[in-house]
Amino acid sequence: IKELLQEQKWDLVVYGFGIDFPASSSVDDVMAHLDDVSRVYLELGRLVQSVRKSCKRLACITREVFTEDPKKHKKVGVRLVTASTLWGMSNCLRIELEEVPV
């Protein structure tokens with residue numbers, strides 16, 4: 001990621017790791033996936049902040065994090081909300097990256 005941000009300027013960077021589900025609903029799988037998704041997003045935010053003007057806009061994609069459909073929750077389980085922390089992280093990035101729309 002660092003090399004790509006340093007090599008050229010990007011009009012839009014799309015972070016889509018949040019659309020993937022963990023392998024299972026086990027605590028170990030969910031926590032490992034949450035850790036990976038959060039760390040990569042944090043590192044992306046840090047890089048965008050340190051390599052100024054490398055990114056004009058930043059988008060974060062998640063999948064059905066806020067769904068209230070009981071069928072989906074029953075089918076997917078706790079894996080469904082694994083990437084829900086990206087909502088709060090995006091709000092923090094909006095404050096930190098004032099000149100980059102998130």
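User: Which side chains meet Glu43 and Arg46 in a salt bridge, and what does that term cover?

Analyst: Start with the general idea. Side chains of opposite charge can pair when their charged atoms come close. The rule here asks for a side-chain nitrogen of Lys or Arg within 4 Å of a carboxyl oxygen of Asp or Glu. Now the case: Glu43 and Arg46 meet each other, 3.5 Å from N to O. Both sit in helix H2, three residues apart, about one turn of the helix. Helices here are DSSP runs (H or I, at least four residues), strands are E runs of at least two, and numbering starts at the N terminus. Keep in mind that this is a predicted model: local features need pLDDT of at least 70, side-chain atom pairs count only at pLDDT 80 or more, and totals for chains, interfaces and linings use all residues. Residues are numbered from 1 along each chain as its sequence is written, and side-chain values use heavy atoms, with hydrogens and water left out.

User: Is Glu43 buried or exposed, or in between?

Analyst: The scale is relative accessible area: buried is under 20%, exposed is over 50%, partly exposed is in between (1.4 Å probe, protein chains only). Glu43 has 33%, so it counts as partly exposed.

User: How many salt bridges are there by this rule?

Analyst: Four. Another one joins Arg39 and Asp35, at 2.8 Å from N to O. These two are about one helical turn apart, because they are four residues apart in helix H2. Arg39 is exposed at 56%. Asp35 is partly exposed at 35%.

User: Which parts of the chain does the bridge between Arg57 and Asp11 tie together?

Analyst: Arg57 lies in the loop between H2 and E2, and Asp11 in the loop between helix H1 (2-7) and E1, so the bridge ties together parts 46 residues apart in sequence. The closest N and O atoms of this pair are 2.9 Å apart. Both ends are partly exposed: Arg57 at 37%, Asp11 at 44%.

User: How do I read a nonpolar core?

Analyst: Think of a set of buried Ala, Val, Leu, Ile, Met, Phe, Trp, Tyr and Cys residues, joined through side-chain atoms within 4.5 Å. The largest one here has 15 residues. Tyr41, Leu44, Val48 and Leu58 touch the most other members. Strand E1 (13-15), helix H2 (27-50) and helix H4 (85-96) each give two or more residues. H2 gives the most, with five.

User: What is Leu58 in contact with, beyond its sequence neighbours?

Analyst: Contact means heavy atoms within 4.5 Å. Leave aside neighbours within four places in sequence. Then the contacts of Leu58 include Leu12, Val13, Tyr41, Leu44 and Leu93. Leu97, Val100, Pro101 and Val102 are also among them.

User: How many aromatic pairs are there?

Analyst: Three. Rings of Phe, Tyr and Trp (its six-membered ring) pair if their centres lie within 6.5 Å; planes under 30 degrees apart are stacked, over 60 edge-to-face, and the rest tilted. Tyr15 and Phe17 have ring centres 6.4 Å apart and planes at 70 degrees, so they are edge-to-face. Tyr15 is buried at 5%, while Phe17 is partly exposed at 27%. Phe66 and Trp87 are also edge-to-face, with 5.6 Å between centres and 85 degrees between planes. This pair links distant parts of the chain, 21 residues apart: Phe66 is in the loop between strand E2 (58-60) and helix H3 (70-76), Trp87 in helix H4. Phe66 is exposed at 59%, and Trp87 is exposed at 52%.

User: Which residues form one aromatic cluster?

Analyst: Tyr15, Phe17 and Tyr41.

User: Where does the charged end of Arg63 sit?

Analyst: A charge sits over a ring if NZ of Lys or CZ of Arg is within 6 Å of the ring centre and within 35 degrees of the ring normal. The charged end of Arg63 sits over the ring of Phe21, 3.8 Å from its centre.

User: Last one. What does Ser54 touch, not counting residues up to four places away in sequence?

Analyst: Ser54 touches Leu5, Gln8, Lys9, Trp10 and Val48. Ser54 lies in the loop between H2 and E2, and is buried at 2%.
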